[in-house]
Amino acid sequence: MKILAIESSCDETAAAVVEDGRRVLSSIVASQVEEHRLYGGVVPEIASRRHSEAISGVVREALETAGTPLDALDAVAVTYAPGLIGALLVGVNFAKGLALSAGLPLIPVHHLRGHIAANYIAHPDLAPPFLCLVVSGGHSHIVEVSDYTALRVLGRTRDDAAGEAFDKAARAMGMPYPGGIALDKLAESGNGRAYALPHPAVEGSPLDFSFSGLKTAVINILHNAAQKGEEISIPDLAASYRKAVVDCLVKNFLAAADETRSETLVLAGGVSANRLLRRRMEAVCKKTGRALYVPPLPLCGDNAAMIGAQAYYEYLAGHTADMSLNALARRGIEES
Ligand code: KG4
Ligand code: ZN
């Protein structure tokens with residue numbers, strides 16, 4: 001089954017053709033990040049306009065690269081939630097028009113389910129059940145994946161998402177948007193024990209995360225040093241911050257794995273590219289004999305191949321939409 005998938009939930013316009021959920025025939029990503037960098041973050045209005053301009057060309061390129069004409073497709077899939085509403089609407093409306101004119105089924109896909117499915121592309125042997133840490137710019141979830149379309153959130157962030165926490169701290173340290181990658185790189189040369197940072201826990205909900213206090217602690221360190229005229233080692237601060245965020249992620253993820261007796265652990269989302277997070281999870285899984293699956297770097301960030309992968313399983317579960325499909329800025333990962 002060949003599915004054309006479209007993704008436009010944030011600042012990447014993407015289209016892909018994916019066969020049977022696992023084989024990527026093409027994957028095109030047009031990033032707007034250079035433009036948003038000028039403003040220090042994604043400007044929703046600009047994102048919507050750029051998606052409108054790019055989407056037709058990106059879809060055409062995906063079909064051409066795959067060598068798949070429209071009439072050889074079996075379905076059209078699209079990210080319909082969650083994300084920036086104006087950005088999502090561009091993809092949803094384009095997909096609806098295409099499905100209607102080509103007489104194809106329309107498959108709505110939850111963006112975070114797509115991030116998890118990036119692993120199905122990279123790891124042919126991976127199948128539910130497993131436990132997944134989904135860490136992106138907008139979300140931080142510990143998700144029990146009991147089947148391809150049966151998911152349950154065991155832990156979530158109470159404030160900032162992990163990616164957002166990295167980006168905000170990086171910005172305070174003077175790095176351009178999105179700072180998560182730059183912070184990770186700089187942290188490689190720093191001492192993660194140089195600055196003592198809090199490891200916030202959520203009382204009564206041991207699997208939930210809270211990152212906003214950590215970000216404030218970094219800003220305070222920077223302000224205090226500036227007031228006293230003291231030098232701060234940015235690589236050391238970046239390494240200390242990265243260590244604190246990763247400590248929290250790993251601790252709760254492992255606690256959830258113990259609680260659910262999960263032997264297969266999976267990382268997903270933009271922050272799963274983080275070097276320390278990958279190293280720490282690899283080491284601990286090796287020690288405890290658990291299987292660990294991580295997406296290859298090009299599949300960590302937003303792309304449409306992951307949407308096409310999840311779409312296949314949504315279709316098999318009977319999850320299709322009619323022409324009344326709408327985009328949703330917020331939507332639980334459990335709700336399909
Ligand atoms: O999943 P994603 O591409 O988009 C969303 O769905 O939000 O995640 C983007 C986030 C950004 O916050 C970015 O800074 C972060 O992932 N990120 C990283 C790294 N690479 C990307 N954060 C930490 N370390 C990285 N290596
Ligand atoms: Zn994403």
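Contact here means heavy atoms within 4.5 Å. By that criterion Val245 touches Phe166, Phe211 and Leu214, residues up to four places away in sequence not being counted. The structure is a predicted model, in which local features need pLDDT of at least 70 and side-chain atom pairs count only at pLDDT 80 or more, while totals for chains, interfaces and linings use all residues. Residues are numbered from 1 along each chain as its sequence is written, chains are lettered from A and ligands numbered from 1 in the order in which they are written, and side-chain values use heavy atoms, with hydrogens and water left out.

**Domains and their interface**

- The protein is divided into domain 1 (2-116 + 301-316) and domain 2 (128-298), with bounds that come from an automatic or database domain assignment.
- The C-alpha centres of domain 1 and domain 2 are 27 Å apart, and the contact takes 18 residues from domain 1 and 19 residues from domain 2.
- About 1,500 Å² is buried between domain 1 and domain 2, with carbon and sulfur atoms giving 67% of that area; buried area is the accessible area (1.4 Å probe) that two parts lose on being put together, summed over both.
- On the domain 1 side, Leu112, His115 and Ile116 lose the most area to domain 2, together 37% of what that side buries.
- Between domain 1 and domain 2 there are zero salt bridges, a salt bridge being a side-chain nitrogen of Lys or Arg within 4 Å of a carboxyl oxygen of Asp or Glu.
- Four residue pairs, both residues at pLDDT 80 or more, are in polar contact between domain 1 and domain 2. A polar contact is a pair of N or O atoms within 3.5 Å; within protein, one must be able to donate a hydrogen and the other to accept it, and residues adjacent in sequence count only if both atoms are side-chain atoms.
- The side of domain 1 that touches domain 2 draws at least two residues from each of α1 (33-37), α4 and α10; helices (H or I, at least four residues) and strands (E, at least two) are DSSP runs, numbered from the N terminus.
- Helix α4 gives the most to that side of domain 1, with four residues.

**Helix α10**

- Helix α10 (residues 305-316) has 12 residues and reaches 17 Å from its first C-alpha to its last, close to the 16 Å expected at 1.5 Å a residue. The expected span is 1.5 Å times one less than the number of residues.
- Of the 12 residues of α10, 10 are buried, where buried means under 20% relative accessible area, exposed over 50%, and partly exposed in between (1.4 Å probe, protein chains only).
- The buried residues of α10 include Met306, Ile307, Tyr312 and Tyr313.
- Their cover includes the strands β1 (2-7), β2 (12-19), β3 (23-31), β4 (75-81) and β5 (106-110), as well as helix α4 (111-122).
- Just after α10, Gly318 has a positive phi of about 85°.

- Val245 lies in helix α8 (residues 234-260) and is buried, at 0% relative accessible area.
- Val245 and Ala165 are 80 residues apart in sequence, and their C-alpha atoms are 8.4 Å apart in space.
- His123 sits in the loop between α4 and β6 (130-135) and is buried, with a relative accessible area of 17%.
- The side chain of His123 reaches the backbone oxygen of Val294 at 2.8 Å.
- Leaving out residues up to four places away in sequence, His123 touches Arg22, Tyr293, Val294 and Pro295.

**Salt bridges**

- The structure holds 20 salt bridges.
- Glu45 and Arg49 meet through their side chains in one of them (2.8 Å, N to O). Both lie in helix α2 (residues 44-66), four residues apart, about one turn of the helix, and Glu45 is partly exposed at 48% relative accessible area.
- Glu144 pairs with Arg152 in a salt bridge whose closest N and O atoms are 2.8 Å apart; Arg152 is partly exposed, at 46%.
- Arg242 and Asp184 form a salt bridge with closest N and O atoms 2.5 Å apart. Arg242 lies in helix α8 and Asp184 in helix α6 (residues 179-187), so the pair ties together parts that are 58 residues apart in sequence.
- Arg242 is buried, with a relative accessible area of 4%, and Asp184 is buried at 5%.
- Asp184, Glu188, Arg242, Arg275 and Arg279 are joined into one network by salt bridges that share partners.
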